[in-house]
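This report describes one protein chain. The sequence and structure are shown first, and the text then moves from the overall fold to individual side chains.

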Amino acid sequence: MVRDSSKMTNSYEHIDPDMVLNDQKVEESDGSLYQGQMIILVQDGQEHKVRHGQGIMRWADGSKYIGDWRNDLSEGRGIFYYENGDIYIGEFVQDKCDGYGAYLYTQEKRRYEGQWKDSKEHGQGLDEQPD
């Protein structure tokens, strides 16, 4: 179950299901914890496990991501719970809110649903704010 990462890109590509490691649990030195699917990549002769598939990442600051991973980045559909209570539900590209999604700004009691680019509201969307 080893894959040469020199042939991988950040684009969506087929991963052989036999290469996916299910039910993995990785705790980082700062107390962050990942639980979910991973694959093994080889880079410069070294094997590295990377998040790839479905998984949950809990950071030490209290933020959490549940969703799709590709090549160790949040990519696809997911939910991100920010440490301040804000929530984003939608599409991710290379660890950024990108595509269609909804963001709840809890402190401002504001909700935006629509297009995102590089984790910023972008293009068509509906912005709901209290009166």
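## Overall architecture

The model is predicted. The chain contains ten strands and zero helices, so that its elements, read from the N terminus, run β-β-β-β-β-β-β-β-β-β.

Of the 131 residues in the chain, 36% are buried. Among contacts with a separation of 6 or more, 16% are between residues 24 or more positions apart.

Strand β6 covers residues 73–81, and strand β7 covers residues 87–93. These two strands pair in the antiparallel sense over six bridges, with Y81 standing opposite I87 of β7. They form a hairpin in which five residues lie between the strands. G85, in that turn, has a positive phi of about 100°.

Strand β7 also pairs with strand β8 (residues 96–105), again in the antiparallel sense and over six bridges. Here F92 stands opposite C97 in β8. The β7 and β8 strands form a hairpin with two residues between them. Q94 is in this turn and has a positive phi of about 50°. Strand β7 is therefore paired with β6 and with β8, since two strands pair if DSSP finds at least two bridges between them.

E75 is found in strand β6. Which side chain of opposite charge is nearest to E75? It is R70, at 5.6 Å. E75 is buried and has no salt bridge, because a salt bridge requires a side-chain nitrogen of Lys or Arg within 4 Å of a carboxyl oxygen of Asp or Glu.

The side chain of E75 does reach a backbone atom: the nitrogen of Q94, at 2.9 Å.

## Salt bridges

The count of salt bridges comes to eight. One of them joins D118 and K96, whose closest N and O atoms are 4.0 Å apart. This pair links distant parts of the chain, 22 residues apart: D118 is in the loop between β9 (110–117) and β10 (120–128), and K96 is in strand β8. Both partners count as partly exposed, D118 with a relative accessible area of 41% and K96 at 37% relative accessibility.

R110 and D127 form another salt bridge, with the closest N and O atoms 2.8 Å apart. R110 is in strand β9 and D127 is in strand β10, so the pair links distant parts of the chain, 17 residues apart. Is R110 buried or exposed? At 13% relative accessibility, R110 counts as buried, whereas D127 is partly exposed at 36%. R110 and D127 also belong to a network of salt bridges that includes E108 and E121.

A further salt bridge connects E113 with R111, where the closest N and O atoms are 2.6 Å apart. E113 is partly exposed, with a relative accessible area of 24%, and R111 is partly exposed too, at 30%.

Notes:
Residues are numbered from 1 along each chain as its sequence is written. This is a predicted model: local features need pLDDT of at least 70, side-chain atom pairs count only at pLDDT 80 or more; totals for chains, interfaces and linings use all residues. Side-chain values use heavy atoms; hydrogens and water are left out. Helices (H or I, at least four residues) and strands (E, at least two) are DSSP runs, numbered from the N terminus. Buried means under 20% relative accessible area, exposed over 50%, partly exposed in between (1.4 Å probe, protein chains only). Contact means heavy atoms within 4.5 Å. Lys and Arg count as positive and Asp and Glu as negative; His and the chain ends are not counted. A polar contact is a pair of N or O atoms within 3.5 Å; within protein, one must be able to donate a hydrogen and the other to accept it, and residues adjacent in sequence count only if both atoms are side-chain atoms.
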